[in-house]
Amino acid sequence: MALSSQAMRKPLFFVSVLVLGTVGSFSLSAKVEKTNDAPAPALAVTPSTFELDAKPIDRSNTARISSYSDMLEKVRPAVVSVTTARIVKVMRNDRVNPMEDMLRRFYGMPPRQQPRGGQGGPDVEERKLPNGIGSGVIISADGYVLTNNHVISEEDSNTVADEIIIRLNDEREFPAKVIGRDPRTDVALVKVDATALPFLKMAESDNIRIGDIVFAIGNPMDVGQTVTMGIVSATGRTNLGILGAQGYENFIQTDASINPGNSGGALVDVEGRLVGINSAILSRTGGNIGIGFAVPTSIVAQVARNLVDTGSVQRGFLGVNIANLTTDLAEAFGLPSGFKGVIIEGIQKDEAADKSGLKRGDVILKYDNQAIDSVAQLRLKIAQSKPGQSIPVTITRDGKEQTITVTLGSQEGAIAGETSQNILDGVTLTVPTDELRKEYNLAENAEGLIVTAVEGRSRYASSLREGMVILEINDRTVKSIGDARDALRRGAVNKLWVAYRDAQAFIAVRVP
């Protein structure tokens, strides 16, 4: 998407979500696309290129520190500016300029060159238009550069910018080629043809703690490289809506000053190691108010490895519809108050969960021996697993705890651990069963997707009602969650044909 700083229109706690690229007017918008499109590279990479440094920060030294300049002097050369441009074709007809026609006629100017297409028709010229400015981080001496997907992508498009230029702190410039990009995490990897470049080592972001000092480095507002300092305000931030319903959010939150143009820049720890890629801010005005977000290196490193190996990101797929286990649901299932887990609401036929023996009503307690207490956490864990990998999944069923080994599948375009609420935020869609048809007084052969719940916070609460049946989306019949996902157009107004209380009607809903 193009770099700009105009607030995305989805409010969050009455503030706007902004991604952090800039253009000349400093307006920014970010639409994260659903597809990976990049050539599979054939580039030499050392095995340690994308390894994470697992050594925790030394927090034992409490002596007074007066400056971080020595550390930052080593770090700053590895943070770069990323400039993009697009090539547009402009139709031109010399005869529309009366002054030029007069000069040709009376002052002997050379005759106008005829276009290739024939006599007197308009000809075409190409113009290079600046697209935006962001930041990036060099992570290998041979020229691999991390940035955000929205920094290098065309606005409202699935394609990357026509030209990407990397400018180092010493003013050297290099054209970059795209190795790959992953809109679902807003990570992109590009490469320049250079050697012996300064680069940053990536630290294991899972080791950082709230209160750790961090530094944000980038090119805010195109004023030049800038360093700001703050602390880690929170970790594991999810459900912000920054990456859309199909994104994988697990942001580091920091109060280090971040502004438009910092997108793709570095968030580093006190030892000068990369812990995150700056990606977005929350702001009423478009400027920094101390709430910034970075994609952690635990995600970035995995994405980078995949992009180098294949040009895309391979993710596991479980094939379940899941929901957070609320207090009421826990009580209804006879579980203790405060019980943590994720409940399976539906099983996709012939997918990994179905083949392994998981069932509707199972409550997932652990995934790969790690405790699970939210849908967002489980989705991320599945997404970080590889297709074909065998994973132990601990569940409780009928009050008894058991562990089932699941061999993950892979599905192009599928979101691992997808829920019906990922389709329309805050709306639960369910495939009709005999019980549901009876509950909602539907015909025995009724098809479509039943709206079984609409949260009050949902942007669709004024349009959709419980018991409504979605029959078509954008003139396409929908009989499954997959059908709905494929039919919806992100970043656009969608046309829904619905049935409700013996009446049918069109409804228009805007999907971010």
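Which residues of helix 7 are buried? Let's start there. They are Val375, Ala376, Leu378, Arg379, Leu380, Ile382 and Ala383. Buried means under 20% relative accessible area, exposed means over 50%, and partly exposed is in between, using a 1.4 Å probe and protein chains only.

A word on the model. It is predicted: local features need pLDDT of at least 70, side-chain atom pairs count only at pLDDT 80 or more, and totals for chains, interfaces and linings use all residues. Residues are numbered from 1 along each chain as its sequence is written, and side-chain values use heavy atoms, with hydrogens and water left out.

Back to helix 7. Helices (H or I, at least four residues) and strands (E, at least two) are DSSP runs, numbered from the N terminus. Helix 7 covers residues 375–383, and seven of its nine residues are buried, so the rest of the structure largely encloses it. What covers those buried residues? The cover includes helix 4 (297–310). It also includes strand 17 (320–324), strand 18 (342–347) and strand 19 (363–367).

Next, Arg273. Find it in the loop between strand 14 (266–269) and strand 15 (274–283). Is Arg273 buried or exposed? Its relative accessibility is 6%, so it counts as buried. Now its neighbours. Contact means heavy atoms within 4.5 Å. Leave aside residues within four places in sequence, and Arg273 is in contact with Asp53, Lys55, Pro56, Ile57, Lys201, Ala203, Leu267 and Val268.

On to charge. Side chains of opposite charge can pair when their charged atoms come close. A salt bridge here is a side-chain nitrogen of Lys or Arg within 4 Å of a carboxyl oxygen of Asp or Glu. How many salt bridges does a search of the whole structure find? Nine.

One of them joins the side chains of Arg273 and Asp53, at 3.1 Å, N to O. Arg273 sits in the loop between strand 14 and strand 15, and Asp53 in strand 3 (residues 52–53), so this pair ties together parts 220 residues apart in sequence. Both partners, Arg273 and Asp53, are buried.

Another joins Arg315 and Asp182, side chain to side chain, at 2.5 Å, N to O. Arg315 is in the loop between helix 4 and strand 17, and Asp182 is in strand 8 (residues 173–182), so the pair ties together parts 133 residues apart in sequence.

Asp269 also meets Arg273 in a salt bridge, at 3.0 Å, N to O. Salt bridges that share partners join Asp53, Lys55, Asp269, Glu271 and Arg273 into one network.

Last stop: strand 8 again. Two strands pair if DSSP finds at least two bridges between them. Strand 7 (residues 163–167) and strand 8 pair in the antiparallel sense, over three bridges. Ile166 stands opposite Phe174 in strand 8. The two strands form a hairpin with five residues between them. In the turn, Glu171 has a positive phi of about 80°.
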